[in-house]
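Please open the structure in your viewer and keep the selection panel at hand. The tour below moves from one selection to the next and says what is there.

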Amino acid sequence: MNLDLERFYEASNPAEPIDMKNPEEKRYYIDFAAVRGDKVIKALKRVISRLSPNKPTCQLFTGHIGCGKSTELSRLQTELEVKGFHVVYFEATEDLDYIDVDVSDILLAIARQVSASLEESNIKLKAEGFKALLKQTVDFLKTPIDLSVEGEFAGVKGKASTEKGLEISLPVVIGKITAKAKGSQATRSKLRQFMEPQTTKILKLIDEEIISIANEQLKKRGQKGLVVIVDNLDRIPYRKISYSNKALPVYLFVEKGEQLRKINCHLVYTLPMVLIYSNERQEMEGRLGGGIETKVLPMVPTKLRNGEDFYEGMELLRQMVLTRAFPELTSEERSGLITEVFDRVETLDRLCRISGGHPRNLLGMLFGCLQQEDPPISADTLESVIRSYRDRLLLNIDDEEWELLFEVDRTQRVKGEKEYQALLPSLFVFEYHDREGTWFGLNPLLLETKKYRTWKAENL
């Protein structure tokens, strides 16, 4: 079968998660749940659709950057929609400057995204109180914000604005204000100054003028209710903030966790993984998660914790690559065409092993190979890409971090927030789950460095 090079290249782009609502993209999806040790998405879905369909839940989800969280959440969205829920999935980075964010910013983003999704589904929201609050906000900011819009809102054709009875669409008003704030630190600070004391009022307006109306209308249509999935909050950096004397994620998800939980529908929040390793984990899961443990999406294991090859994990990673070349074929048919994509089977296996089961790294190296030559990809080209990845990784490791890495190699453990901050965000160490629990392994790129090999030889 002929390989469509342009399609293969596009499908291998590591920057683009799979949109499970798109039938063309859905063909590229590989379900790693059986080898990851935890059926995370199944558990999230079960709580919402099976155990508590009529009572709001708040579930927490995290994982390493690039491990496939967004793709899995897209899958959760489609499966819950099949079960009859109206699901609003959005990436928080669309609305927020995640370097500088507060609870009111997150609440406004949720209000905008939910109201926009409901309007697209022909659920009309008057939201008079919310619009009045936003008009007060614009007046307080004293910053030019064009709240007019061409089109038809609330039955008024042409230009509608807050000066004409607040007839403009709620998500448009919120969007224009938050866009202005996102682009200006001064405006963002002033908006927060006005909004933060009114968090309780904002929550009340979201509940009464958006969520309650939505649940009522959805159930009249025979749907089961509303689910909101907020992605990309895991990108919020762990940095101290002056107004709390806490790190930003601790302030948002621990100190203010109860406020984020108060939205009266099913919620799924992504969180910075560092919180799992912090002393505040239990308090966070109590305040924000209602006592439910945070779900963690680990890497896909290519080896077992005893160092032996893990066939099942390797085979699924092979299919992750091959399905991007031949999405219309079965796994058996694709496996028979490996030499259409690589010069030999061993080259594909080398790519899978060196990735450590990190999906984005695997696709990134594949993408790098395709930038250099047409398939079949040669072993020499792959080694060139591997060296580039390894050398860039080495630039970031100091002597103190090497000592931590050697300790992780000995113990297969990461202890506490300090070690997490030093090792996991930079992808020096990967997390895996199996029947015995959690274990950690060094990024395979590091296992081939002179520094590691010298240490290993001295410590055999």
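Begin with strand E10, residues 429–434, which is mostly covered, five of its six residues being buried (buried means under 20% relative accessible area with a 1.4 Å probe, protein chains only; strands, E, of at least two residues, and helices, H or I, of at least four, are DSSP runs numbered from the N terminus). This is a predicted model, in which local features need pLDDT of at least 70 and side-chain atom pairs count only at pLDDT 80 or more, while totals for chains, interfaces and linings use all residues. Residues are numbered from 1 along each chain as its sequence is written, and side-chain values use heavy atoms, with hydrogens and water left out.

Next, select the five strands of the open sheet, ordered E2-E5-E8-E1-E9 with parallel pairing (two strands pair if DSSP finds at least two bridges between them). Strand E2 (85–91) and strand E9 (295–297) stand at the edges with a single partner strand each, so one side of each is left without a neighbour in the sheet. From one strand to the next, the twist averages 20° (axes are lines fitted to C-alpha atoms, for helices over the stretch in contact, and angles run from 0 to 180 degrees between N-to-C directions).

Zoom in on E2 and strand E5 (residues 225–231), which run parallel and are joined by seven bridges, Val87 being partnered by Val227. Finally, show helix H10, residues 199–220, which packs on the sheet, touching E2 and E5, at about 130° to the direction of E5 (contact means heavy atoms within 4.5 Å).

Definitions and conventions: Buried means under 20% relative accessible area, exposed over 50%, partly exposed in between (1.4 Å probe, protein chains only).
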